[in-house]
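Subject: Structure handover, with notes

Dear colleague,

Please find the structure below, followed by my notes on what was found in it.

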Number of protein chains: 2
Amino acid sequence: MNPPAYSALCATFTRLYRYQHLGAMVGWDQATMMPPGGNTARGAALAELDVLVHRTLTDPMLATLLQVADDEALDDTQRACLREMRRDWVQASALPARLVEAKSLAGSRCEHAWRTQRPQNDWQGFLANFHDVVKYAREEARALSQTSGLPPYDALLDKYEPGTGSATLDVMFGDLKTWLPGLIRKVREKQTEEPLVLAGGPFSIESQRALGVAIMELLGFDFSAGRLDVSTHPFCGGVAEDVRVTTRYSENDFLRSLMSIIHETGHARYEQGLPRETLHLPLGRARSMGIHESQSLSFEMQIARSPAFLALIAPTLRKHLGAQEAFEPEHLARLCTRVRPGLIRVESDELTYPAHIMLRFEIERALIDGDIDAADIPALWDEKMMAYLGLDTCGNFQDGCLQDIHWPTGTFGYFPSYTLGAMYAAQYFACIRRAHPGLDAGLAAGDLSPIFDWLNENIWRQASRWETVQLLQRATGEVLNPGHFRRHLQTRYL
Amino acid sequence: MNPPAYSALCATFTRLYRYQHLGAMVGWDQATMMPPGGNTARGAALAELDVLVHRTLTDPMLATLLQVADDEALDDTQRACLREMRRDWVQASALPARLVEAKSLAGSRCEHAWRTQRPQNDWQGFLANFHDVVKYAREEARALSQTSGLPPYDALLDKYEPGTGSATLDVMFGDLKTWLPGLIRKVREKQTEEPLVLAGGPFSIESQRALGVAIMELLGFDFSAGRLDVSTHPFCGGVAEDVRVTTRYSENDFLRSLMSIIHETGHARYEQGLPRETLHLPLGRARSMGIHESQSLSFEMQIARSPAFLALIAPTLRKHLGAQEAFEPEHLARLCTRVRPGLIRVESDELTYPAHIMLRFEIERALIDGDIDAADIPALWDEKMMAYLGLDTCGNFQDGCLQDIHWPTGTFGYFPSYTLGAMYAAQYFACIRRAHPGLDAGLAAGDLSPIFDWLNENIWRQASRWETVQLLQRATGEVLNPGHFRRHLQTRYL
């Protein structure tokens, strides 16, 4: 028997979990299935749901229950659950209901228009909606900052990776800046000598989809509790009991959809691996978005771009896409580790990816802090793309600052999760490799169990039992150590 | 400016409309997209939503507002809206929250299991879940009966066609019984002399889908605000701003999917034709399920099975399915009006359809009244199928009492809407034909506007402005007159 106040909290958070189920599924539908005419009503319905969740969390009775439960005799697990409940309550009660609804509506409107504005390269049209999105994000950051005492942008970061502030990110990116540009240069010089065998398309959507499904099955995705569909921007949505992976296909580039599917399958296995018995409580959900990205990047970078895995799946590629010289394991490995600075974050290689994140981190922090306005973004983008990757993006908004779904939906503070995730993942695999010296030989022979067992035991099953820093320390024996990421890149690329 | 209490009611009902949006979309997903593993969580989320809607409607403040608004200076339209708000309130406040949730969960569980039990002909397995569904439906009927003063089964009927009780249905079906069996016999004798040219399949799903889309476009379906998908049981779901039509395909029978698509398109046009400015209020929704079925049957029976329409679409059939003798208009017309008693309601012809409804009406009334138990259904089904249609269904549950989605989901009192709809539709078309003597010639030439204009003006645009009996009277100049249905059948089939 749970103590009474804690029990009452569990009942309320179970109700919230069910409300969020509705939002997650309807959000998935909005991105994958919904015809354009449905968007206004959809936006209103989702905003109403946000208000409902907010109202439920800010009910004065909940505050009382949290206080009472704090003095109840709780075991460690219950106390961890209470900590996560309190986190939700703190974040909700910092925001007025009016702001929650206005922010939801503005994001929904801006994102929907962005879908057509992006292909039309229509920055000015986008800006008209985006002003409101920024306005509400700043209000949110200020309100969260007042409650938490964190600087405004850090208060947003805290939503996605609790405990990691911009000071940590400054150190991390500051360190990256000292060695990454040099590494990229060295690798590119080395790679000019390595001939690349390109795969000749077109590859039909159906065959790419069949390949994606086969690889998802190899990676342990449970199709009896999930789906694979198409959306403009690949994502992993739905709920833990029904995980919705999406991708997009290009007939000329099978690798793009394949790698995005593998990436999202990493997110999906995390959700499918969360312990079923506590899913309905904050204790049972994924730890953070940084940890979430560490799962997708474990799959996409650590596993999928390794020569062993590429050797394993080469026959599957030939089966679905036809036999080609490019599908020989050594050519695949070169293709998948080719370093080439490009405009698009989600298509970028492992080495240049952090530069894309650094750029976004710097811009969005300045935007939230009010140091720049939305209209200043393109110029800043151009300047940083030139500085970090030597690329000219002037006037090319659709492959520049309009490329991501995050900002149109009002999601600021999320981007750093990608680089944190890449670093966590490198740290996991250093650990796994120490325990399993024969990892790659096993992988090439189809044995993924050491990896899945480790992730399941150390990450998936732990859900939100620990704070991120504890989770990482318990799993790997140390706090975040960017050295693993650097060593991983040097080993793979030099 | 609306008066204050009425304004407050509008705000609450707008909120309810948005909650129902979530339920409608997630319900559509459950039937079309959801993998089986997602069902338990989905059922819990939908039940939670039912509880939320119920709680919102039974908030004591709402009762007070309804009372105060009644004394406010409202115009006729506002008063009609208030009448519909009160209807929702009466139906919700009759039921305890516990029952609402239990009923929702039981229906969700039973329907989901039914999807696999039906193909397996597993009546006993079905019965295990169905007992609870019946139990809660009886509780609901009793509770609604106590509030409304109607007999229990009539209280359920009233949800779908307010104002029409089982006494009316007894008269209607009593009348049908006097002439329909004789008419069926006569028509079948006449048709034995008419050779039938059958269409030779298989017809690929893709070509059938393309045909369906083309016919939906011809019938004015707005694809920018709706979709066509696949489900086990065809339905028209979603919301008025985003209408989701479903069908199912059989490679050997193009007519089945085509006619089901046309049927659902009738429902869809009603939703798409509801006035946009009042969609969020009870005033703005479809009048009743009887009127809804009158739209689907106007499309499927009055329009689509007419020789003129079949002549119009014959070239479209040839385009998508290839040229065949069977696609000559006169052969199509014979195929679409062929009378042949069959086991499946949704595949039955216009003449034998009412017998399927009569059977269900009699069984479900006895079930709700407690005169029979769920376990008695198959024997009664067999007996009535033999009596009304001369067909043996012993032991064939999947094509017998397991064939429909209504009972598994706890939907009792809905079936009569189909026959009411058929009668309303015949009455509309008698009226339209009087005003447009050249209707069929126009139809054959592709001019559907007299029909759509009439339906739009008299039904769609009226939404819930009037009670059903007034709506019908204003539209056609008389109350329900089954003579039109009889004359329609005699004209078409003799």
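Chain A holds an open sheet of 3 strands in the order 1-3-2, with mixed pairing, where two strands count as paired if DSSP finds at least two bridges between them. Helices (H or I, at least four residues) and strands (E, at least two) are DSSP runs, numbered from the N terminus. This is a predicted model, in which local features need pLDDT of at least 70 and side-chain atom pairs count only at pLDDT 80 or more, while totals for chains, interfaces and linings use all residues. Residues are numbered from 1 along each chain as its sequence is written, and chains are lettered from A and ligands numbered from 1 in the order in which they are written.

At the edges of the sheet in chain A are strand 1 (226-230) and strand 2 (236-239), each of which pairs on one side only. Neighbouring strands of this sheet are turned against each other by 20 degrees on average, direction ignored; axes here are lines fitted to C-alpha atoms, for helices over the stretch in contact, and angles run from 0 to 180 degrees between N-to-C directions. Strand 1 of chain A runs parallel to strand 3 (residues 242-247) of chain A, and 5 bridges join the two. Within strand 3 of chain A, Thr247(A) is the residue opposite Val230(A). Helix 1 (residues 4-32) of chain A lies across strand 1, strand 2 and strand 3 of chain A, and runs at about 140 degrees to strand 2 of chain A.

The sheet of chain B also deserves a description. This open sheet has 3 strands in the order 1-3-2, with mixed pairing. Strand 1 (226-230) and strand 2 (236-239) of chain B stand at its edges with a single partner strand each, so one side of each is left without a neighbour in the sheet. Strand 1 of chain B pairs with strand 3 (residues 242-247) of chain B in the parallel sense, over 5 bridges, and Val230(B) has Thr247(B) as its bridge partner in strand 3 of chain B. Helix 1 (residues 4-32) of chain B packs on the sheet and touches strand 1, strand 2 and strand 3 of chain B, its direction making about 140 degrees with that of strand 2 of chain B.

How are the two chains related? A rotation of 180 degrees, with 0.0 Å of shift along its axis, superposes chain A on chain B with an RMSD of 0.0 Å, the copies being superposed by least squares on the C-alpha atoms of residues with pLDDT of at least 70 in both. That is the relation of a two-fold axis.

Where they meet, 29 residues of chain A are in contact with 28 residues of chain B, contact being counted if the C-beta atoms of two residues, placed from the backbone, lie within 7 Å. On the side of chain A that touches chain B, helix 1, helix 2 (39-58) and strand 1 of chain A each supply at least two residues, and the largest share, 8 residues, comes from helix 1 of chain A. The residues of that side divide into 15 nonpolar, 6 polar and 8 charged; Ala, Val, Leu, Ile, Met, Phe, Trp, Tyr, Cys and Pro count as nonpolar, Asp, Glu, Lys and Arg as charged, and the others, Gly among them, as polar. Of the interface residues of chain A, 97% are also interface residues in chain B, so the copies meet through the same surface.

Some helix pairs remain to be described. The axes of helix 5 (residues 97-117) and helix 6 (residues 123-148) of chain B come within 9 Å and cross at roughly 150 degrees, which makes helix 5 of chain B roughly antiparallel to helix 6 of chain B (angles under 35 degrees count as roughly parallel, over 145 as roughly antiparallel, 65 to 115 as roughly perpendicular and the rest as oblique). By class, the contact of helix 5 with helix 6 of chain B has 11 nonpolar, 4 polar and 5 charged residues.

In chain A, the axes of helix 16 (residues 416-435) and helix 19 (residues 468-476) come within 10 Å and cross at roughly 20 degrees, which makes helix 16 of chain A roughly parallel to helix 19 of chain A. Tyr424(A), Gln427(A), Tyr428(A) and Cys431(A) of helix 16 of chain A make this contact with Leu472(A), Ala475(A) and Thr476(A) of helix 19 of chain A.

With best wishes
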